[in-house]
Amino acid sequence: PSPPFEEEAERPGLAEWVPTTDEVSRLIAELEEAAVDSQAPDRLERAVAEAFEFLGFSVDQLGEPGETDVLVRANIGLESYSVVVDTKARRDGRLQKLEVYTLQEHRRNNEADYAVVVAGRFAGGKIVRHAKENDVVLLSVPLLSSWLQLHARTPLNLNEYRVMFSTPGLLDDLPTALKSAAEKREHWGRLLVDLVELIRETYHHGLNQPLPSDQLFTMLVTRLRGVRYSR
């Protein structure tokens, strides 16, 4: 005879299962501190390189005279792309001037698809206009931190992350397309968990026939006391 069924201990839901919380907190703290450590500019280089590695990119920290600080690559076959990233630490955390010609040279030398500048924050007006005119993305440390937090909760693929580099100028929020992709991924993740729990419970109580999708849908609606997923 089968051994008596024992209820499993309650398991955390998807939203609670974040094994990288401490790592993300450390990365963000270092980015924030490095952005205002103008006496050690290579500190921000290292922090940004580590952040992009966490996001899943292949990263080379260069930082030599005449070279970009960080070279970021998304090695995804035919859709591969690369990004030159210059980091700018300032004592007040605010970048006032954009070195356009240097960025263009870095991008050309590395045959990169995109160019990004990372700083604590950016002055408005002229620097934003120059970035738009010269295909440069301005990525602040707070927004990079939000990206890291999103990735820790819902990792997306590198092709979906391309949208972070494709619109020149100042990024003032995570792109709508990126947030929508994350919400969709989270939604499908919750559906998978709910289905597995429903099937486990149903078959434990003696069902030995396959369940058609329409019946699963109806059972989910009953179990969850409402329609949370489309048929």
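The model is predicted, so local features need pLDDT of at least 70, side-chain atom pairs count only at pLDDT 80 or more, and totals for chains, interfaces and linings use all residues. Residues are numbered from 1 along each chain as its sequence is written, and side-chain values use heavy atoms, with hydrogens and water left out. Helices (H or I, at least four residues) and strands (E, at least two) are DSSP runs, numbered from the N terminus.

**Helix packing**

- Axes are lines fitted to C-alpha atoms, for helices over the stretch in contact, and angles run from 0 to 180 degrees between N-to-C directions.
- Angles under 35 degrees count as roughly parallel, over 145 as roughly antiparallel, 65 to 115 as roughly perpendicular and the rest as oblique.
- Helix 1 (residues 21–34) and helix 5 have axes that come within 10 Å and cross at roughly 170 degrees. The two helices are therefore roughly antiparallel.
- On the helix 1 side, the contact (heavy atoms within 4.5 Å) involves V24, L27, I28, L31 and E32. Helix 5 supplies V141, L144, S145, L148, Q149 and A152.
- Helix 6 and helix 7 cross at roughly 95 degrees, with axes that come within 11 Å. That makes the two helices roughly perpendicular.
- Helix 6 contributes L191, D194, L195, E197, L198, I199, E201 and T202 to this contact. From helix 7 come L216, M219, L220, R223 and L224.

**Salt bridges**

- A salt bridge is a side-chain nitrogen of Lys or Arg within 4 Å of a carboxyl oxygen of Asp or Glu. The count by this rule is 13.
- D42 pairs with R46, with the closest N and O atoms 3.1 Å apart. Both lie in helix 2 (residues 41–54), four residues apart, about one turn of the helix.
- D42 is partly exposed at 36% relative accessibility. R46 is also partly exposed, at 43%.
- R200 pairs with E197, and their closest N and O atoms are 3.2 Å apart. Both belong to helix 6 (residues 176–204), three residues apart, about one turn of the helix.
- E197 is buried, at 17% relative accessible area, whereas R200 is partly exposed at 29%.
- E201 forms a salt bridge with R223, at 3.1 Å between the closest N and O atoms. E201 lies in helix 6 and R223 in helix 7 (residues 213–224), so the pair ties together parts that are 22 residues apart in sequence.
- E201 is partly exposed at 35% relative accessible area, and R223 is partly exposed at 33%.
- Salt bridges with shared partners join E30, E33, D37 and R43 into one network.

**A buried arginine**

- R162 sits in the loop between helix 5 (141–153) and strand 8 (169–170).
- R162 is buried but has no salt bridge. Lys and Arg count as positive and Asp and Glu as negative; His and the chain ends are not counted. On that basis, the nearest side chain of opposite charge is E79, 4.0 Å away.
- The R162 side chain does make a polar contact with the side chain of Y114, at 3.0 Å. A polar contact is a pair of N or O atoms within 3.5 Å; within protein, one must be able to donate a hydrogen and the other to accept it, and residues adjacent in sequence count only if both atoms are side-chain atoms.
- Not counting residues up to four places away in sequence, R162 touches E79, S80, Y81 and Y114.

**A buried strand residue**

- L71 belongs to strand 2 (residues 70–74). L71 is buried, with a relative accessible area of 4%.
- Leaving aside neighbours within four places in sequence, L71 contacts S58, V59, D60, L62, V83, V84 and N110.
- H106 is 35 residues from L71 in sequence, and their C-alpha atoms are 9.5 Å apart in space.

- Most residues other than glycine have a negative phi.
- E111 is not a glycine, yet has a positive phi of about 50 degrees. E111 lies in the loop between helix 3 (100–109) and strand 5 (114–119). E111 is exposed, with a relative accessible area of 70%.
- D135 also has a positive phi, near 55 degrees. D135 occupies the loop between helix 4 (126–133) and strand 7 (136–140). D135 is partly exposed, at 44% relative accessibility.

Note on methods
Buried < 20%, exposed > 50% of the residue type's maximum accessible area, 1.4 Å probe, protein only.
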